[in-house]
Amino acid sequence: MKVTEHIKKANGKTLFSFEIIPPKKGNSIQELYSNIDPLMEFNPPFIDVTTSREQYVYIDKGEGLLDRKITRMRPGTVGICAAIKHKYDVDTVPHVLCGGFSKEETEYLLVDCHYLGIDNVMALRGDAMSHQKYFEATKGGHKYASELVSQIQNLNCGNYLHDVLEADHKSNFCIGVAGYPEKHIEAPSLMTDLKRLKQKVDAGADYVVTQMFFDNKKYFDFVKAAKDYGINVPIIPGIKPIAIKKHLQLLPQVFKIDLPEILINEIDKCQTNKDVRQVGVEWAIQQSKELLDAGVPVLHYYSMGKSTNIKEIADKVF
């Protein structure tokens with residue numbers, strides 16, 4: 001079932017969902033299951049599975065020589081989606097990136113998803129590689145998420161790359177995209193960012209999931225601004241509980257977001273990361289309750305593969 005159908009079926013009730021990351025290459029999927037199991041009591045209608053783009057690794061060839069190879073450390077997004085869908089009878093949402101994929105590779109991935117009965121995809125541009133200052137499109141790939149959305153929507157219409165096909169059984173993907181309450185780090189202004197979001201929606205995006213935020217007012221202001229700009233699809237808030245003290249520096253640096261002073265002060269008082277984790281859980285509970293009272297369609301949690309703090313939050317909210 002589509003994400004938008006789940007929202008409609010809920011008839012105003014706020015749903016619970018979360019996002020996981022694939023295990024590193026060579027690791028068992030069982031650890032992932034162990035972190036999903038405690039969250040299934042909250043009846044998530046869908047689970048997101050991230051995709052990591054390629055990166056360079058250096059292999060020692062001896063005599064001071066290094067061989068640079070390109071690899072993916074966390075492959076298997078579509079396979080994990082299929083495994084979770086089969087094991088838990090829940091819809092899954094694979095993340096599809098521009099970065100690291102040609103248009104042909106994207107089409108093959110989408111065809112696989114269609115064969116597996118996966119009805120939803122999250123279309124993202126992705127980040128620059130570690131050695132790049134700015135994002136660079138893969139040869140033969142898309143530069144913008146709006147272009148990726150257009151390709152997915154074309155496939156929904158039976159239009160494949162290069163070939164003239166008479167498609168009697170078309171895909172019907174529900175397409176999610178990212179939104180940024182504090183604007184994307186590369187956008188010169190929030191209004192410019194809203195314009196780009198509108199382009200994605202006009203290209204065929206069905207719903208939006210926001211980047212993490214820690215001040216609900218920024219989400220509410222973002223939703224109002226988006227609606228004023230003519231963006232009328234569901235906007236799902238993304239919540240991430242702070243878990244370690246280093247997040248005070250890391251999250252603003254990586255995601256260019258602001259943390260409320262009261263939250264910063266509470267974390268500064270913490271003596272251990274266990275204390276920080278508890279502050280993060282309590283803050284996310286209050287965030288979630290306020291968003292729940294406001295009638296948001298879904299509360300979507302960034303779990304990063306760990307479920308204990310998400311379960312603590314959900315226990316108090318759902």
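**Figure 1. Strand E7 in a predicted model, with both faces buried.** Cys174, Gly176 and Ala178 point one way from E7, while Ile175, Val177 and Gly179 point the other way. Each of these residues is buried, meaning under 20% relative accessible area, where exposed is over 50% and partly exposed lies in between (1.4 Å probe, protein chains only). Six of the six residues of E7 are buried, so the strand is largely enclosed by the rest of the structure. Strands (E, at least two residues) and helices (H or I, at least four) are DSSP runs, numbered from the N terminus. Residues are numbered from 1 along each chain as its sequence is written. In this predicted model local features need pLDDT of at least 70 and side-chain atom pairs count only at pLDDT 80 or more, whereas totals for chains, interfaces and linings use all residues; side-chain values use heavy atoms, with hydrogens and water left out.

**Figure 2. The partners of E7.** E6 and E7 pair in the parallel sense over three bridges. Two strands pair if DSSP finds at least two bridges between them. Asparagine 120 stands opposite cysteine 174 in E7. E7 is also joined to strand E8 (residues 207-210) by four bridges, and these two run parallel. Here valine 177 has valine 208 in E8 as its bridge partner.

**Figure 3. The nine-stranded open sheet.** The strand order is E9-E8-E7-E6-E5-E2-E1-E11-E10, with parallel pairing. Strand E9 (235-236) and strand E10 (238-239) are the edges, each pairing on one side only. E10 and strand E11 (residues 298-302) run parallel and are joined by two bridges. Glycine 238 stands opposite histidine 300 in E11.

**Figure 4. Helix H5 and its surroundings.** H5 (residues 145-156) has twelve residues. From first C-alpha to last, H5 reaches 17 Å, close to the 16 Å expected at 1.5 Å a residue. The expected span is 1.5 Å times one less than the number of residues. Buried residues of H5 include Leu148, Val149, Ile152 and Leu155. The buried residues pack against strand E5 (91-97), helix H4 (103-115), strand E6 (120-124), strand E7 (174-179) and helix H6 (190-203). Just after H5, glycine 158 takes a positive phi of about 85°. Cysteine 157 counts as partly exposed, at 41% relative accessibility.

**Figure 5. Helix H4 and cysteine 113.** The 13 residues of H4 should span 18 Å at 1.5 Å a residue, and the end C-alpha atoms are 18 Å apart, which agrees. Thr106, Glu107, Leu109, Leu110, Val111 and Cys113 are buried in H4. Their cover includes H3, E5, E6 and H5. After H4 comes glycine 117, with a positive phi near 80°. Why does cysteine 113 count as buried? Its relative accessibility is 0%. A search of the whole structure finds zero disulfides (a disulfide being a pair of cysteine sulfur atoms within 2.5 Å). For cysteine 113, the nearest cysteine sulfur is that of cysteine 81, 6.7 Å away.

**Figure 6. Two nonpolar cores.** A nonpolar core is a set of buried Ala, Val, Leu, Ile, Met, Phe, Trp, Tyr and Cys residues joined through side-chain atoms within 4.5 Å. The largest has 59 residues, of which Ile20, Ile36 and Ile84 touch the most other members. Helix H3 (residues 77-88) gives the most to this core, with five residues. Leaving aside neighbours within four places in sequence, isoleucine 36 is in contact (heavy atoms within 4.5 Å) with Phe18, Ile20, Ile47, Ile84 and Tyr88. A second, separate core of 30 residues includes Val3, Val93, Leu263 and Ile267.

**Figure 7. Lysine 289 beside lysine 316.** Lysine 289 is found in helix H10 (residues 273-293). Its relative accessible area is 34%, so lysine 289 is partly exposed. Beyond neighbours within four places in sequence, lysine 289 is in contact with Lys316 and Val317. The C-alpha atoms of lysine 289 and lysine 316 are separated by 8.6 Å, and the two residues are 27 apart along the chain.
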